[in-house]
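This report looks at the open spaces in a protein model and at one of its helices. Look at the sequence and the structure before reading on.

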Amino acid sequence: ESKYSSRTARTSMIEALLHGTNVLIFPEGTRNRTSEILLPFRFGAVRVAKAVQTSVVPIVIKKMGKRSYKVVIGQALPIRADDDLDAKNNELREKMIGLLGEE
């Protein structure tokens, strides 16, 4: 919630990525309890990827039944230093919506 904790988390993620560790970020930032397929995305995933100039791999968890889920992994989305955060965030969200629609 605080700017300090956000900055600390972002710095930790950047350091982890620079050392070759993968980082998992939930771009909605919270649980979706609405009828919308996805909530608006926060900028953490693309902001961190832009700082390191790496790719974001979209991953979705689809509910298939009462107790059945399917993990779908999409194609990597490269993020470069000159990319627009809004555009890349929207592109990531659209890719994830597409993955949720796949059978």
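What volume does the largest pocket have? In this predicted model, the largest pocket has a volume of about 900 Å³. Its lining is made of 31 residues, and those nearest the centre are Leu24, Ile25, Pro27, Ile59 and Met96. Several elements each give two or more residues to this lining: helices H2 (44–52) and H3 (85–101), together with strands S1 (55–56), S2 (59–63) and S3 (69–73).

The second largest pocket has a volume of about 350 Å³. Of its 13 lining residues, Ser6, Met13, Ile25, Arg42 and Gly44 are the closest to the centre. Both H1 and H2 supply at least two residues of the lining. H1 provides the largest share, 4 residues.

Which span should its 16 residues have, and how far apart are its end C-alpha atoms? H1 covers residues 3–18, and at 1.5 Å a residue it should span 22 Å; the end C-alpha atoms are 22 Å apart, so the two values agree. The expected span is 1.5 Å times one less than the number of residues. After H1 comes glycine 20, which has a positive phi, near 85 degrees.

Terms used
Residues numbered from 1 in each chain as written. Predicted model: local features only at pLDDT ≥ 70, side-chain atom pairs only at ≥ 80, totals over all residues. Heavy atoms only, no water. 1 Å grid on protein atoms, 1.4 Å probe; cavity = no way out; pocket = protein on both sides within 12 Å on 5 of 7 lines; lining within 4 Å. Points joined across faces, edges and corners; volume = space filled by probe spheres on them.
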